[in-house]
Amino acid sequence: MNFSLRPASQGNDSAPDPGAPPSWTDCSITCKHRALHNGHSSAIVWLTGLSGAGKSTIAKELERTLFQNSIQTYVLDGDTLRQGLNANLGFSPDDRSENIRRVGEVARLMADAGLVVITAFISPYQADRNRAREIALEGGFEFIECFVDAPLEVCEQRDLKQLYKKARAGKIKDFTGIDAPYERPTDPELVIRTDKQTVAESVAQIVDLLLPRIRCLAD
């Protein structure tokens with residue numbers, strides 16, 4: 001493998017213009033360098049679906065499978081991010097949109113660092129998922145939207161935290177699938193029927209689509 005790194009910036013004698021719009025900072029180590037080093041390019045695998053559909057379960061198993069195959073990967077999970085980065089957001093339509101916008105930007109940064117990023121978020125609005133895709137494509141990264149599809153009654157049966165029961169009793173407001181909408185993806189790369197497939201079958205379905213897209217061949 002033979003490639004050269006650009007010299008690191010030596011700084012700028014002039015102070016930045018506070019009125020100028022921010023711009024993306026170029027790094028001396030590019031995505032191509034990282035891809036050649038890792039043996040694969042970056043991608044964002046976006047899992048969307050109702051609570052209880054199986055997103056987090058699939059995300060964790062997909063991460064384990066990719067890691068065991070020497071692919072640099074990381075899971076961004078909705079519950080985890082709401083404990084830190086998105087702790088100030090609620091579940092109103094505007095807050096849900098901002099939640100997904102932030103996730104999309106973080107996923108892009110992690111993809112820029114050379115990772116296959118797996119996101120597990122309900123992400124109920126088509127417009128927000130479209131924006132997440134745009135953010136990824138702006139960075140030149142593969143974006144694979146996976147609709148983790150399970151009937152509402154199946155999701156309710158799997159609900160160990162009894163969130164659906166509380167929502168139906170009025171104890172939780174704006175709960176997706178009960179009193180808040182979920183807009184089914186119009187054109188996802190994959191539809192995963194977790195009421196009819198095992199976790200292993202679901203992960204294999206993603207891997208079969210993902211691997212050809214992240215193969216990295218040296219020039």
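Predicted model: local features only at pLDDT ≥ 70, side-chain atom pairs only at ≥ 80, totals over all residues.
Arg193 is placed in strand E5. Four aromatic pairs occur in the structure, and the largest pocket has a volume of about 890 Å³.

- The relative accessible area of Arg193 is 26%, so the residue is partly exposed; the partly exposed class lies between the 20% limit for buried and the 50% limit for exposed.
- Once neighbours within four places in sequence are left aside, Arg193 is in contact with Asp149 and Pro151.
- Arg193 and Phe147 are separated by 46 residues in sequence, while their C-alpha atoms are 8.4 Å apart in space.

**Aromatic residues**

- The structure holds four aromatic pairs, one of which is formed by Phe147 and Tyr182.
- The ring centres of Phe147 and Tyr182 are 6.0 Å apart and the ring planes stand at 25°, so this pair is stacked; planes under 30 degrees apart count as stacked.
- Phe147 is buried, and so is Tyr182.
- One aromatic cluster is made up of Trp46, Phe121 and Phe143.
- A charged side chain also meets a ring: Arg82 lies over the face of Phe91, at 4.0 Å from the ring centre.

**His40**

- His40 is found in the loop between helix H1 (31-38) and strand E1 (43-48).
- The relative accessibility of His40 is 4%, so the residue counts as buried, the cut-off being under 20%.
- From this loop position, the side chain of His40 reaches the backbone nitrogen of Gln72 at 3.0 Å.

**Largest pocket**

- The volume of the largest pocket is about 890 Å³, and 30 residues line this pocket.
- Among the lining residues, Ser51, Gly52, Asp79, Ile122 and Leu163 lie nearest the pocket centre.
- Helix H2 (55-68), helix H3 (78-81) and helix H4 (93-112) are the elements that give two or more residues to the lining.
- H2 supplies the largest share of the lining, with four residues.

Technical notes
Residues numbered from 1 in each chain as written. Heavy atoms only, no water. Phe/Tyr/Trp six-rings, centres within 6.5 Å; stacked < 30°, edge-to-face > 60°. Buried < 20%, exposed > 50% of the residue type's maximum accessible area, 1.4 Å probe, protein only. Lys NZ or Arg CZ within 6 Å of the ring centre and 35° of its normal. Contact = heavy atoms within 4.5 Å. Polar contact = N/O pair within 3.5 Å; in protein donor to acceptor, adjacent residues only side chain to side chain. 1 Å grid on protein atoms, 1.4 Å probe; cavity = no way out; pocket = protein on both sides within 12 Å on 5 of 7 lines; lining within 4 Å. Points joined across faces, edges and corners; volume = space filled by probe spheres on them.
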